[in-house]
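Thanks for coming. I'll go through a few local features of one chain and keep it short. Please have the sequence and the structure open.

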Amino acid sequence: MSKMWAGRTSGVTDKLADDFNSSISFDCRMYRQDIQGSQAHAAMLAKCGIISEEDAKALRQGLQKILEDLDSGALEFDWECEDIHMFVEQVLTERLGDVGKKLHTARSRNDQVALDLRMYLRDELKEIKTFNHELLQAICEQAEACKEFIMPGYTHLQRAQPILFSHQLLAYAMMLMRDMERLEDAAKRMNISPIGSCALAGTTYNTDRAYEAELLGFDSVCLNSIDGVSDRDFCLEIMSALSIEMMHLSRLSEELILWSSWEFRFIRLDDAYTTGSSIMPQKKNSDMAELVRGKTGRVYGNLMALLTSLKGLPLAYNKDMQEDKEGVFDTIDNAKMCIRIMAPMIATMKVFPDNMLKAAKEGFINATDLADYLTKKGEPFRSAYKISGSLVAKCIAEGKVLEDLTLEEYKEASPIFEEDVYEEISLKTCVEKRISEGGTGPASVAAQISYIKEYLK
């Protein structure tokens, strides 16, 4: 098949070279955006008197019929075509004849593909926003349902201080809100139209780029035509933002995996989001959470691959830039799957507050509060720290917890201790005393939940 760009060359390439050069196998997913962009381009050409209104109408109607036929399955992609742009133009020309050949006036595949990609990613980000909203809602609702459950907070994976389980969940809500804001920022910078940049230098036709951009829902046009066709920052920004979000989802997945293990037994994931073993009948594996954790590395790899592909490219367009799509498409696909699976997994998990409380009691996580108790009664903090540490060591040696020690044993360590020490080191008190803004105290957690609910509106 002779190529539509035949002229300077014969347009006949080796079959192996054709396969190597072809991108239709993956850029075909942009067919809707390609057709919408072409319809707007035809309208702009007619508005500027470059083609007739009659030709523009025929082009728009012909393109609409191609879109409908692709949607219905009446028209199938021709895998012999080089890319989606050539496929659409080829079908249009076959159906309309010479009128179809007028569509590509005052544009290039270079600005056309940049346009399609921005439009496609814009649509995908709208869908991701919906999925993120659902995940944030699930986290918020689970946090509200668990706002009285006490668990050990960890540092270095060692029990550290008592916190509310809802406080831990809400930390991920805060991360997710930043992720959503990063994606919104990337979407704003991406919503600039490159069409009209042509190959790299613009066009000799008196076009109206602003009109075409407005028809397609863009905020403005690229101010430099070379940058318009060579810019892939928007891909990198989206991939970077999604890499950060995947890191957050991976950390949450790791916690779900740990919490649902027999060693913790803080939660149980619903059967719908776990699998069994092929040989061990007792097993219930957190495979969905593990896959989220695993796919994070894949998303990172896509970002690094595109950064590496772009780092040495001279301006303007180079064929290397065809390598942008598979990576960004794969990142979008996998991030969407992970966000979608995480929301119902969080929403349906069962929480075991008794196991959390038991772990909190056994971890001496009220030792800091014991030291604070002495400090408030006049003991220097370092001395109070040492006294509290010695009492913890005593408990470990005797198989006790701090609440089990008698008042006499406390007074042996320091005469400052009084009966009120037991109220001061109760886990409920330890949590309620965390009154600082953003802390684990009930009032702070309630304020965080209210903030997220307002954000979700």
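A polar contact here is a pair of N or O atoms within 3.5 Å; within protein, one must be able to donate a hydrogen and the other to accept it. Keep in mind that this is a predicted model.

Start with R434. Its side chain reaches the backbone oxygen of C430 at 3.0 Å. R434 itself is placed in the loop between α18 (427–432) and α19 (442–456). What is R434 in contact with, leaving aside its neighbours within four places in sequence? The list is Q161, D369, T440 and G441.

Next, a pair of helices. The axes of α14, residues 367–376, and α15, residues 381–398, come within 8 Å of each other and cross at roughly 135 degrees. The two helices are therefore oblique to each other. The crossing of α14 past α15 is right-handed. On the α14 side, the contact is made by A367, L370, A371, D372, L374 and T375. On the α15 side, the residues are F381, A384, Y385, I387, S388, L391 and V392. Sorted by class, this contact has 10 nonpolar, 2 polar and 1 charged residues.

Last, salt bridges. How many does a search of the whole structure find? The count is 35. One I'd like to show is K47 with D208, where the closest N and O atoms are 2.8 Å apart. This pair links distant parts of the chain, 161 residues apart. K47 belongs to helix α3, residues 31–47, while D208 is in the loop between β3 (192–193) and α8 (209–215).

That's what I have for today.

Technical notes. Residues numbered from 1 in each chain as written. Predicted model: local features only at pLDDT ≥ 70, side-chain atom pairs only at ≥ 80, totals over all residues. Heavy atoms only, no water. Helix = DSSP H or I, 4+ residues; strand = E, 2+ residues; numbered from the N terminus. Contact = heavy atoms within 4.5 Å. Axes fitted to C-alpha atoms, helices over the stretch in contact; angles between N-to-C directions. Parallel < 35°, antiparallel > 145°, perpendicular 65-115°, else oblique. Left-handed = near helix turned anticlockwise from the far one by under 90°. Nonpolar A, V, L, I, M, F, W, Y, C, P; charged D, E, K, R; others polar. Salt bridge = Lys/Arg side-chain N within 4 Å of Asp/Glu carboxyl O.
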